[in-house]
Number of protein chains: 2
Amino acid sequence: MAAEQLLGAKPLYRQTRDLLVQRIVDGVWAPGEVLPSETQLAAELGVSQGTVRKALDEMTAERLVVRRQGRGTFVASLDDSRILFQFFKLIADDGEPRFPASRVLEVETMRGNPKARRALQLDPAAWVIAITRVRSLAEEPCVFEHITLPAAYFSGIEERPIPNNLYQLYAVDYGVTVGRATERLKAVAAGAPEADALGVAAGTPLLAIDRVATAIDGRICEWRVSLCRTDQVHYLSDLR
Amino acid sequence: MAAEQLLGAKPLYRQTRDLLVQRIVDGVWAPGEVLPSETQLAAELGVSQGTVRKALDEMTAERLVVRRQGRGTFVASLDDSRILFQFFKLIADDGEPRFPASRVLEVETMRGNPKARRALQLDPAAWVIAITRVRSLAEEPCVFEHITLPAAYFSGIEERPIPNNLYQLYAVDYGVTVGRATERLKAVAAGAPEADALGVAAGTPLLAIDRVATAIDGRICEWRVSLCRTDQVHYLSDLR
DNA sequence: CAGTGGTCTAGACCACATG
DNA sequence: ATGTGGTCTAGACCACTGT
């Protein structure tokens, strides 16, 4: 064990974490499933229970697993409440976070344009799937959204019904679990298509959110540009 | 110890954390200063070294302390690099995060208006200090900023030079260490004063950032509204 | 009741920084 | 050489969950 650590130059608990993460990525344990107990993992991997615990504690902090006293350790799943907490930052000015309704306008398979290829880090020849939809909060259309996916990861998705919670679809049907995302925000003037879809005048200030999402295995898996009316809604960002 | 834990219903490592946090709040150890070693703290508080470690690990995660192997554990300070990382999310589209230059337009002491009193949770009669400034990135004015402070926490600040890094001033001169902040973002049309200050046409879309900052002792200590041109700059938000 | 995660302890050894 | 935090282990006991 000491030798392994010297060779790897990584602490044992991190090697343990990486190994467990790899198993989740490989689908050995699916989202929502229970992992073996600390004792069992420690015995199987030949490390102490404390080391397994530290690995699992890190994975808890990364939201890869959820631990419940008396029950076990479970692979985290992207259910609505987690999406709302982690990946949906638009909130009605007066209220709680709520999941928006959505109406799909178009789904299309095409060669990625240069912007999409850059965002998704794809080859020039690569195909992408483009989804356009309008999302509403409190019956009020407020987000005009373009989603671009690498066709290689999501083949056939264009023939499925597009659910409201896309990330759960990615995870359950394609084994692509979104782990984190980077958003870049700007204020822009509404152009004709989005003004139309949102029922505002062209030129109205909109919040543009440019998101690139990365799966837990490190692959970039989605590029999404959302144009949002912010007259009744705001984007919440906690600085900790 | 067992008795204390049963009474408090809080685990020992959390009690230890709370006690250490209180000492930092009280100024027993100032920002940048070194804490006693784990061994010393464990002996003084009558707990094991592992418990002190767990308390300090939590405080590290909360960015209250910084630990350096071989040197010691230090109270975190709000130096420029940390501000940039934690509290300044505007970045030039092409470049790295950089600290903006700033020019103060006005400093004023007044009775808080209703909005300010609500944001800062102050009594109707309370006084506030209002600072107006313009901040520039790459020589280009891009943020028009209104800062409102409770006069009770910052008496005399209106007679000081206003430095670029305000949070360090709060911490060093007033013992108010900002620990976290909540930002609410909207896209708005530029009004006359900010259009003028930023050199854009009235009606230009601007990113409005409404921030309420809270000190490590839980007191709300600053309300700040920033109006930002986002033609060359964006707001970065990491979703983890 | 048995099995799980959560807390707490004690001690050994390693890696790093400083004098 | 000394002292610091970082890693790893082993074991005890508590609190919660389901049977």
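**View 1. B:Ser226 is a buried residue, with a relative accessible area of 7%.** Buried here means under 20% relative accessible area, exposed means over 50%, and partly exposed covers what lies in between (1.4 Å probe, protein chains only). This is a predicted model, in which local features need pLDDT of at least 70 and side-chain atom pairs count only at pLDDT 80 or more, while totals for chains, interfaces and linings use all residues; side-chain values use heavy atoms, with hydrogens and water left out. To find your way around, count residues from 1 along each chain as its sequence is written, with chains lettered from A and ligands numbered from 1 in the order in which they are written. B:Ser226 sits in strand β9 of chain B, residues 220–228. Strands (E, at least two residues) and helices (H or I, at least four) are DSSP runs numbered from the N terminus.

**View 2. The side chain of B:Ser226 meets that of B:Glu145 in a polar contact of 2.7 Å.** A polar contact is a pair of N or O atoms within 3.5 Å; within protein, one atom must be able to donate a hydrogen and the other to accept it, and residues adjacent in sequence count only if both atoms are side-chain atoms. Setting aside neighbours within four places in sequence, B:Ser226 is in contact with B:Val143, B:Phe144 and B:Glu145, and also with B:Leu207, B:Ala208 and B:Ile209. Contact means heavy atoms within 4.5 Å.

**View 3. DNA strand C is surrounded by 22 residues.** The closest are A:Gln69, B:Leu12, B:Tyr13, B:Thr51 and B:Gln69. Of the atoms of DNA strand C that come within 4 Å of the protein, 82% belong to sugar and phosphate. A residue counts as near if one of its heavy atoms lies within 4 Å of the strand.

View 4. The elements giving two or more residues to the surface near the strand are β1 (65–68) and β2 (72–75) of chain A, along with α2 (12–25) and α4 (49–61) of chain B.

**View 5. Chain A and chain B touch through 30 residues of chain A and 31 of chain B.** Together they bury about 2600 Å², 52% of it on carbon and sulfur atoms. A:Lys186, A:Leu239 and A:Arg240 supply 28% of the area that chain A buries here, more than any other three residues. Buried area is the accessible area (1.4 Å probe) that two parts lose on being put together, summed over both.

**View 6. A:Lys186 forms a salt bridge with B:Asp93, with the closest N and O atoms 2.7 Å apart.** A salt bridge puts a side-chain nitrogen of Lys or Arg within 4 Å of a carboxyl oxygen of Asp or Glu. The rule finds two salt bridges across this interface, and 24 residue pairs in polar contact, both at pLDDT 80 or more. β7(A) gives the most to the side of chain A that touches chain B, with ten residues.
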